[in-house]
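Q: I'm new to this structure, so please pick one part and walk me through it closely.

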Amino acid sequence: MARLFGFVLGTLMLLNGISDTISPRFGFSIWERVLKRYFPEPLNKTVREYSRLSTPALRYLSVWEICIALTMLWLASRTHE
């Protein structure tokens, strides 16, 4: 079960990291158009501040996310059930 959980989360995280590297501002537009009204103001404030980061900084963060996802996939592959 832990192996499956690791593979699923690792794969989703890897796909998200790749899409964020290609288009780092896409998620913010989805947040503004669709999700913003469903969440409390403190979370909206955090997203606004995070969206002020430069595009290269957002790309560095997405590369870090890819590294974490690859580590999770590697650990899931090493798990024996």
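**A close look at helix H4**

A: The buried residues of H4 pack against H1, H2 and helix H3 (41-51). Packing here rests on contact, meaning heavy atoms within 4.5 Å, and the helices are DSSP runs (H or I, at least four residues) numbered from the N terminus. This is a predicted model, where local features need pLDDT of at least 70, side-chain atom pairs count only at pLDDT 80 or more, and totals for chains, interfaces and linings use all residues. Residues are numbered from 1 along each chain as its sequence is written, and side-chain values use heavy atoms, leaving out hydrogens and water.

Let's start with the length of H4. Its 24 residues should span 34 Å at 1.5 Å a residue, and the end C-alpha atoms are 35 Å apart, which agrees. That expected span is 1.5 Å times one less than the number of residues.

Now for the buried side of the story. Leu-58, Ser-62, Glu-65, Ile-66, Ala-69, Leu-73 and Ala-76 are the buried residues in H4, where buried means under 20% relative accessible area (1.4 Å probe, protein chains only). An α-helix has 3.6 residues a turn, so residues three or four places apart point the same way.

A polar atom of the Ser-62 side chain lies 2.7 Å from the backbone oxygen of Arg-59. Setting aside neighbours within four places in sequence, Ser-62 is in contact with Gly-17, Asp-20 and Thr-21.

Conventions:
Polar contact = N/O pair within 3.5 Å; in protein donor to acceptor, adjacent residues only side chain to side chain. Helix = DSSP H or I, 4+ residues; strand = E, 2+ residues; numbered from the N terminus. Buried < 20%, exposed > 50% of the residue type's maximum accessible area, 1.4 Å probe, protein only.
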